[in-house]
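Good morning, and thank you for coming.

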Amino acid sequence: MEALTPAAIRPPLIPPIRARISVHALVSFGSVQIPNRRKIEVKAKSEKRSASAAAASVDYTDPDWKSNYQKDFEARFRIPHLTDALHDAVPYPSTFCLRMRTPVSPDFAEGYPSDGEWHGYVNTNDRVLLKVIRYSSPASAGAECIDPGCTWVEQWVHRAGPREKIYFKPEEVKAAIVTCGGLCPGLNDVIRQIVITLEIYGVKKIVGIPFGYRGFTDSSLSEMPLSRKVVQNIHLSGGSLLGVSRGGPTVIQIVDSMVERGINMLFVLGGNGTHAGANAIHEECRKRQLKVAVVGVPKTIDNDILLMDKTFGFDTAVEEAQRAIYSAYIEAHSAYRGIGIVKLMGRSSGFIAMQASLASGQIDICLIPEVPFNIHGPNGVLNHLKYLLETKGSAVVCVAEGAGQDLLQKTNATDASGNIILGDIGVHIQQETKKFFKEIGFTADVKYIDPTYMIRACRANASDGILCTVLGQNAVHGAFAGHSGITVGICNTHYVYFPIPQVIAEPKVVDPNSRMWHRCLTSTGQPDFI
Ligand SMILES: Nc1ncnc2c1ncn2[C@@H]1O[C@H](COP(=O)(O)OP(=O)(O)OP(=O)(O)O)[C@@H](O)[C@H]1O
Ligand SMILES: O=P(O)(O)OC[C@H]1O[C@](O)(CO)[C@@H](O)[C@@H]1O
Ligand SMILES: [Mg+2]
C-alpha cells in the first residue's frame, strides 16, 4: 500500500511543466548588477533548476512560440472538474442565492430556491491576470520574463466565486474539514466560514476530522459534527478547533475511510505537504470514479506557497513578530553594549523575517534561508555586530529558522511527515556571539528571544480574518461548482482557483534580487556577510 510520504507521492503529482520560467532563469539572460553589492547567489536551487529546464524547452525561433506558450499555460492552469471523469454528472441551479430559508420548513421540498434577480454569480469563463508587471528588460529588478526579449505574455487564471450551476444536491452532501501540518493563525476562521457557507447552500451533514489525516483512520478519534452554532465563536481563539498532526495514513486508507463515512466533499487546510496529500486523494477518487470534490485552502505561516500574494496567518505573524523585535530592541538598547537576537519561523523561506524587519525598522541584521552568510571572518555577522556596538552602542538581529543551515551540523532527522528537522540557528548565533565577544575581551550583553510558537498560536488579525473569510467561502463555491483537486488563493488582490500541483511544485522563496529584499537591506543597512 502506498505510504503517505513525500518520496512515495510527490513524483506523480506534478505534471511535466514545459515552460515554467521565473526570475531566476532570467538572471542568466543579462547580467543583473546591484549597486554597490555583489550579485547575490540564489539559494533556491530547485526553482532555478525547474526554471532553466523549462526555458530550455521553449523554442523562441518558432514564430508561434507565444501562442503555444499561452495554450500550454491555459492547459496547466485549467481547474479539474468532476465531469472530466464522470461524464454523466449533471448541473443544478445554485442554491446559493442568499435567500433566507426558515428553519421549520423542510428545505427544497418545493424545489430548489432560486433568485432570478440576483446577478452575484461568477461566470465560469471569468479570469484574473496572474502577472501584472510588464518588464522591459530581464535586468529590471525582480523581472519575470518568458523569453530573452521580455515579451509581454498574458497569463490568465480562473476567478473564484459562486457559480450559477452546481454539481451537488445539498441534501446529498456530507462535507468534511481537516486541518494538517503546523498551526497557523486563522485556521478557525476558515473552518467557520466553510461551515457557514455550506449551511447557506443547504448542507446539513458537516463534520470535522480530528487531528489531521490521522483522524481518518485512528479508531480512538471520532468525527466532530459541525454547524453554525458550533463554529460561531471559534475565530476568537487561535489554533484549530479540530486539532492538527503530521504524518498519518496512506491515501488509499483515507479514501477508503471517506467512502465508508459517505464523505463527498473534503476541505483540506494545510501547507504544501497537506496539499500534495489532497491532490493524491483527488486523483484516487477520480480513479475510483467517485463523485467527490477535494478542495484545499493553503495554510502556511511561512507564506511559502507559489503564485499567491500571501497566505492567511502570514500578516498576523508579521504583526506579532513586532512585539518580540520591540522587546529585543528595548533589551539591547537599555543594556551596555546590548545585542538582541530574535528567531522567527520560516523553514525554507524568509518572508516573515524580511517583512517583520521591514515593518519594525529596528533590525540591523536580517538573516534568511535564501541568502548565504558567514558568522565568522572579516565579512561575518560577528565583526559587523562589533562595529555596530562601537558605533551605535546596540544591535538587533532577526534570523529565520531555516537560515544558515549550512553552518550547523546536519542530523538527517525528519518529522512524521518527512520534513527535515532543522538545526537551531538562533541558539547557534547566540552562543557564537557570546563566545566571540568573550574571546576578544569586548563587553557585550546578549539577549535571545524565540517567539516562534507564541506567534503561531495567535488568533488571526483583522486583515487575515477577512482573507480567511473569503478563502473559506470560495473553497465551498469551488466544491459546489464541481471542481476537485483545486485550491484557493489571492492573486493581485483578486480571488482565484489554482490546480493544486501548480502551487506546490516547490516552496515559494524570497528572491534575493527582488525589490523587497533590497528594501529590507536598505532599511537594515547590513552588508553582505560573505
Ligand atoms: N508528498 C506528500 N503526499 C501526500 N501527503 C503528504 C505529502 N507530504 C506530506 N503529506 C501529508 O500531509 C500532512 C501534512 O504535511 P506536513 O507535515 O508536511 O505539513 P504541511 O501541510 O506542509 O504544513 P506546514 O506548512 O505546517 O509544514 C501529513 O499528514 C503528511 O503525511
Ligand atoms: O514544530 P512543528 O509543529 O513541527 O512545526 C514547525 C514548522 O512549522 C511551520 O510553522 C510551518 O507551519 C514552520 O515555520 C516550522 O518549521
Ligand atoms: Mg510543509
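UniProt positions are given in the numbering used here, with feature names shortened, and annotations may be inferred rather than shown by experiment. The UniProt record, an unreviewed entry, lists residues 175-477 as "domain: Phosphofructokinase". The model is predicted: local features need pLDDT of at least 70, side-chain atom pairs count only at pLDDT 80 or more, and totals for chains, interfaces and linings use all residues. Residues are numbered from 1 along each chain as its sequence is written, while chains are lettered from A and ligands numbered from 1 in the order in which they are written.

Within 175-477, 41% is helix and 15% strand, these being DSSP runs (H or I, at least four residues; E, at least two) numbered from the N terminus. The end C-alpha atoms of that span lie 13 Å apart.

Turning to ligand 1, 23 residues surround it, each with its C-beta atom, placed from the backbone, within 6 Å. The closest are Gly181, Gly271, Gly273, Gly277 and Ser417. Helix H8 (272-287) supplies the largest share of this shell, six residues.

Now to strand S12, residues 395-400. Why is S12 described as largely enclosed by the rest of the structure? Because six of its six residues are buried, that is, 20 or more other C-beta atoms lie within 10 Å of their own, with C-beta atoms placed from the backbone. Ala395, Val397 and Val399 cover one side, and Val396, Cys398 and Ala400 the other.

S12 pairs in the parallel sense with S10 (residues 338-344) over six bridges, where pairing requires at least two DSSP bridges. Val399 is the bridge partner of Lys343 and also of Leu367.

Key. Buried ≥ 20, exposed ≤ 12 C-beta atoms within 10 Å, placed from the backbone.
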